[in-house]
Amino acid sequence: MLQGQPALTQSDGTGIPRSTHLTVTPVTAGLIDELTGALAGGADDVRGQAGAGSDGGPDAAGGGVVGSAGLPDPAELARAAREDGELDLTAVLALIETLPREVSARMLVDFLAEFTEPRVR
């Protein structure tokens with residue numbers, strides 16, 4: 001399991017860049033060399049390129065689902081992700097990095113509430 005992590009500025013001003021956490025389970029343990037090789041190759045492919053949302057604008061991470069405040073509507077993002085199973089996590093991380101923490105935290109709560117809402121069939 002790969003999980004993207006947003007960049008973070010610590011309280012002392014030290015910046016931690018975006019990263020990816022890799023969870024290794026007994027099932028994937030036998031593939032660790034292949035997994036780390038693929039990750040290193042992917043990093044080599046994009047090294048030096050600007051990341052999503054690098055212009056700092058919230059629209060860069062909106063996925064085309066922008067609300068009245070010019071920010072992505074978390075409920076619309078959740079509905080879109082549920083419909084097609086795709087969510088651009090790189091864009092979401094860029095959004096988290098761009099917005100004040102209290103705004104991104106509220107958006108995450110709203111997104112998860114909508115995304116996990118039981119479906120009526």
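The model is predicted. It holds four salt bridges.

**Helix H4**

- Helix H4 runs over residues 101–115. At 1.5 Å a residue, its 15 residues should span 21 Å, and the end C-alpha atoms are 21 Å apart, so the two values agree.
- Ser104, Met107 and Phe111 are the buried residues of H4. Seen down the helix axis, they fall within an arc of 60°, so they line one face.
- In general, an α-helix has 3.6 residues a turn, so residues three or four places apart point the same way.
- The buried residues of H4 pack against H2 and helix H3.
- Arg101 and Glu102 are exposed, on the face turned away from the buried side of H4.

- Asp110 and Arg106 form a salt bridge through their side chains, at 2.8 Å from N to O.
- The two residues are four apart in helix H4, which means about one helical turn separates them.
- Asp110 is partly exposed at 30% relative accessibility. Arg106 is also partly exposed, at 47%.

- Glu114 and Arg79 join in a salt bridge, 3.3 Å from N to O. Glu114 lies in helix H4 and Arg79 in helix H2, so the pair ties together parts 35 residues apart in sequence.
- Glu114 counts as partly exposed at 23% relative accessibility. Arg79 is partly exposed too, with a relative accessible area of 31%.
- Glu97 forms a salt bridge with Arg18, and their closest N and O atoms are 2.7 Å apart. This pair links distant parts of the chain, 79 residues apart. Glu97 sits in helix H3, and Arg18 in the loop between strand E3 and strand E4.
- Glu97 is partly exposed, with a relative accessible area of 30%. Arg18 is partly exposed at 32%.

- Arg82 is in helix H2, which covers residues 74–84.
- Glu114 instead has a salt bridge with Arg79.
- Beyond its neighbours within four places in sequence, Arg82 is in contact with Glu114, Phe115, Thr116, Glu117, Pro118 and Arg119.

Conventions. Residues numbered from 1 in each chain as written. Predicted model: local features only at pLDDT ≥ 70, side-chain atom pairs only at ≥ 80, totals over all residues. Heavy atoms only, no water. Contact = heavy atoms within 4.5 Å. Expected span 1.5 Å × (residues − 1). Buried < 20%, exposed > 50% of the residue type's maximum accessible area, 1.4 Å probe, protein only. Arc of directions from axis to C-beta.
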